[in-house]
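My notes follow in the order in which I checked them.

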Amino acid sequence: MCAFAVICSIVLVWPYKTCVIDGVDTTGKDCSDLKRIFGFNNICVNWDYQPSVQLTGLVYPIFEYSLLLYILLDYFQIQNDMLNGIFPADKAKLMKTMFWIKVTDDPITIGGLTIDPVVAHTMGFWGLQWGLVLIAFENVLYLTYRKQGMWSFSNETTIKLAYAYLVGLAAATAFKFIWSASIFASETGTPVFPNSVA
């Protein structure tokens, strides 16, 4: 999907996107709103402008529906494990709540794709990040109750590495949330952390 968006942008958007920076006529990615507001571009800049946004919008649902299908199948696997006595029944309510949060959170990223304001776009990014953290949490919980080793690691090592990954992911996601929110909270558009750190 990203490769498709990049190709669409290279061919259909950037040769025609012009602006004036410091009195100099400029063409290309330097003219994006993300570059103006954040000081740099990210991968999303490739599907932020017409006609790339419409063309990528045709392909993006494949990613979204695949993610929703994964969430649904993951939930069914946990339900099956609970019925077979493998998954602790006392955690079933937590899993059901997380399932509904992920299912209702995920479509927010679809809406964020076609909305023009940078704040709305960032909200879609937050929704996707939050959903992916919940999926990672659920996967780590699955490894924990199944006592399942991965690759050549023992069960205990796998679980320790999984929790270390989860803590690192949560910290990185919190950093991204704080950093991007600070841009909009600040009157000058200056993030809490300098762009070189982020």
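**Disulfide**

I searched the predicted model for disulfides and found that the structure holds one. This disulfide joins Cys-19 to Cys-31, with an S to S distance of 2.2 Å. I then looked up its handedness, and with -80 degrees about the S-S bond the link of Cys-19 and Cys-31 is left-handed.

Next I asked myself which parts the pair ties together. Cys-19 lies in strand E1 (residues 18-21), while Cys-31 sits in the loop between strand E2 (24-27) and helix H2 (33-38), so the bond ties together parts that are twelve residues apart in sequence.

Are the two cysteines buried or exposed? I noted a relative accessible area of 21% for Cys-19, which is therefore partly exposed because the buried class ends under 20%. Cys-31, at 9% relative accessibility, counts as buried.

**Nonpolar core**

I turned to the largest nonpolar core and listed its eight residues as Ile-78, Phe-87, Met-95, Met-98, Leu-134, Leu-141, Tyr-142 and Tyr-145. When I checked which elements give two or more residues to this core, I found helix H4 (92-105) and helix H6 (118-146). Of the elements, H6 gives the most, with four residues.

Last, I looked up the contacts of Met-98, leaving aside its neighbours within four places in sequence, and wrote down Leu-134, Phe-137 and Glu-138.

How values were computed: Residues are numbered from 1 along each chain as its sequence is written. This is a predicted model: local features need pLDDT of at least 70, side-chain atom pairs count only at pLDDT 80 or more; totals for chains, interfaces and linings use all residues. Side-chain values use heavy atoms; hydrogens and water are left out. A disulfide is a pair of cysteine sulfur atoms within 2.5 Å. Buried means under 20% relative accessible area, exposed over 50%, partly exposed in between (1.4 Å probe, protein chains only). A nonpolar core is a set of buried Ala, Val, Leu, Ile, Met, Phe, Trp, Tyr and Cys residues joined through side-chain atoms within 4.5 Å. Contact means heavy atoms within 4.5 Å.
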